[in-house]
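Let's take a friendly tour of the aromatic contacts and nonpolar cores in this model. Please have the sequence and the 3D view open as you read.

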Amino acid sequence: MPRKKKTDVKRLVELLNETYGTEYKCYLNHETPFQLLIATMLSAQCTDARVNIVTKDLFVKYPTVESFANADLKELEKDIFSTGFYKNKAKNIIACSKKLLELYDGEVPSDIEQLTALDGVGRKTANVIRGNIFHEPSIVVDTHVKRISNKLGLTNSEDPVVIEKELMKILPREQWILYNIQIIQHGRTVCIARKPKCEECTLAEVCPSKGK
């Protein structure tokens, strides 16, 4: 169960908003909901920066859902090789694209059950789509959110689904999407996994892991 008190969470939200602002940002480049879906699938075990390099040419070569659905598996594997786990990702992208055409006329659904029923789409990917495309309040548990939420004492779980549900109980609904954005930025610039900059951290006053 979560270990922080409500007053701590309220102050944490204030500090996050003061430090990182309240503007919605998406770190994966895309022009359509489908492109964001593909980019998010590629981002598994890969940096957003690398994915953006790959999708710059990928979305030119495969401009539509149909073009991905009809892609040659081996060729697509080569196209996305540098994102890692390319064999599985290529197989899932093609299968997912075919299912979107068969079931949804090529449109990306907003329902989480429909999204997670697509090949290669887990709750993290589904919540990225729901938050960024459909503006449905959602919590995306990536490596930064998982690690820093534990350090902040908001959860003591390593299970992304458990963390997602615990954070949804603790954080105000209007903060869910912002929390994802803010914590990712915090994890990249201040609370760096290999060497956290606790002395520079604006969240230090509410962080039980300060200095550890």
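## A partly exposed tyrosine

This is a predicted model. We start at Tyr86, which is partly exposed, because its relative accessible area is 23% and buried means under 20%.

## Aromatic pairs

A search through the whole structure turns up four aromatic pairs. One of them joins Phe34 and Phe68: their ring centres are 5.6 Å apart and their planes meet at 65 degrees, so the pair is edge-to-face. This pair links distant parts of the chain, with Phe34 in helix H2 (residues 33–42) and Phe68 in helix H4 (residues 65–69), 34 residues apart. Both Phe34 and Phe68 are buried.

Tyr86 comes back here with Phe81 as its partner: the ring centres lie 4.8 Å apart with planes at 55 degrees, so this pair is tilted.

## A cluster and a charge

Phe34 and Phe68 also belong to one aromatic cluster together with Phe59 and Tyr62. Elsewhere, look for Arg188, which lies over the face of Tyr27 at 4.7 Å from the ring centre.

## Two nonpolar cores

The largest nonpolar core has 33 residues, and Leu37, Ile38, Leu58, Phe68 and Leu76 have the most contacts inside it. Among the elements that give two or more residues to this core are helix H3 (48–61), helix H6 (86–104) and helix H8 (123–132). H2 gives the most, with seven residues.

What does Leu58 touch, leaving aside residues up to four places away in sequence? Its contacts are Ile38, Leu42, Phe68, Leu76, Asp79 and Ile80. A second, separate core has 26 residues, including Ile170, Val190, Ala204 and Val206.

How values were computed: Residues are numbered from 1 along each chain as its sequence is written. This is a predicted model: local features need pLDDT of at least 70, side-chain atom pairs count only at pLDDT 80 or more; totals for chains, interfaces and linings use all residues. Side-chain values use heavy atoms; hydrogens and water are left out. Rings of Phe, Tyr and Trp (its six-membered ring) pair if their centres lie within 6.5 Å; planes under 30 degrees apart count as stacked, over 60 as edge-to-face and the rest as tilted. Helices (H or I, at least four residues) and strands (E, at least two) are DSSP runs, numbered from the N terminus. Buried means under 20% relative accessible area, exposed over 50%, partly exposed in between (1.4 Å probe, protein chains only). A charge sits over a ring if NZ of Lys or CZ of Arg is within 6 Å of the ring centre and within 35 degrees of the ring normal. A nonpolar core is a set of buried Ala, Val, Leu, Ile, Met, Phe, Trp, Tyr and Cys residues joined through side-chain atoms within 4.5 Å. Contact means heavy atoms within 4.5 Å.
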